[in-house]
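Colleague: Could you take me through this model step by step, giving the cut-offs as you go?

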Amino acid sequence: MIVADIYMFDYEAVAKEAGIPDDKIAALADEVRLDYPGDEMLFELRMLRTCSSIREGRATVETAIEGFRSTRR
């Protein structure tokens, strides 16, 4: 059985609206996944909220990544 990519929260569309390049989306996703291993819904929700903040100018990809990293120190 083949399952299509189904998203509960379409963070990729928001990331594209924010102008985040694919490599930066992947880097951000890697950091977020460390905080939510095995919980796809919370992962997608956090990605959506983070990408929304970037789109609205309240954060940059770099500050978001650093923020996630700093919580694990």
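Modeller: We can begin with methionine 8, whose relative accessibility is 49% and which therefore counts as partly exposed, given that buried means under 20% relative accessible area, exposed over 50% and partly exposed in between, with a 1.4 Å probe and protein chains only. This is a predicted model, in which local features need pLDDT of at least 70, side-chain atom pairs count only at pLDDT 80 or more, and totals for chains, interfaces and linings use all residues. Residues are numbered from 1 along each chain as its sequence is written, and side-chain values use heavy atoms, leaving out hydrogens and water.

Colleague: Where does methionine 8 lie?

Modeller: Helices are DSSP runs of H or I with at least four residues, strands are runs of E with at least two, and both are numbered from the N terminus. With that numbering, methionine 8 is placed in the segment before H1.

Colleague: Which kind of aromatic pair do tyrosine 11 and phenylalanine 43 form?

Modeller: A search of the whole structure finds one aromatic pair, where rings of Phe, Tyr and Trp (its six-membered ring) pair if their centres lie within 6.5 Å, with planes under 30 degrees apart stacked, over 60 edge-to-face and the rest tilted. The ring centres of tyrosine 11 and phenylalanine 43 are 5.7 Å apart and their planes stand at 80°, so the pair is edge-to-face.

Colleague: Are tyrosine 11 and phenylalanine 43 buried or exposed, and which helices hold them?

Modeller: Both tyrosine 11 and phenylalanine 43 are buried. They are 32 residues apart, and the pair links distant parts of the chain, with tyrosine 11 in helix H1 (residues 11–17) and phenylalanine 43 in helix H3 (residues 40–55).
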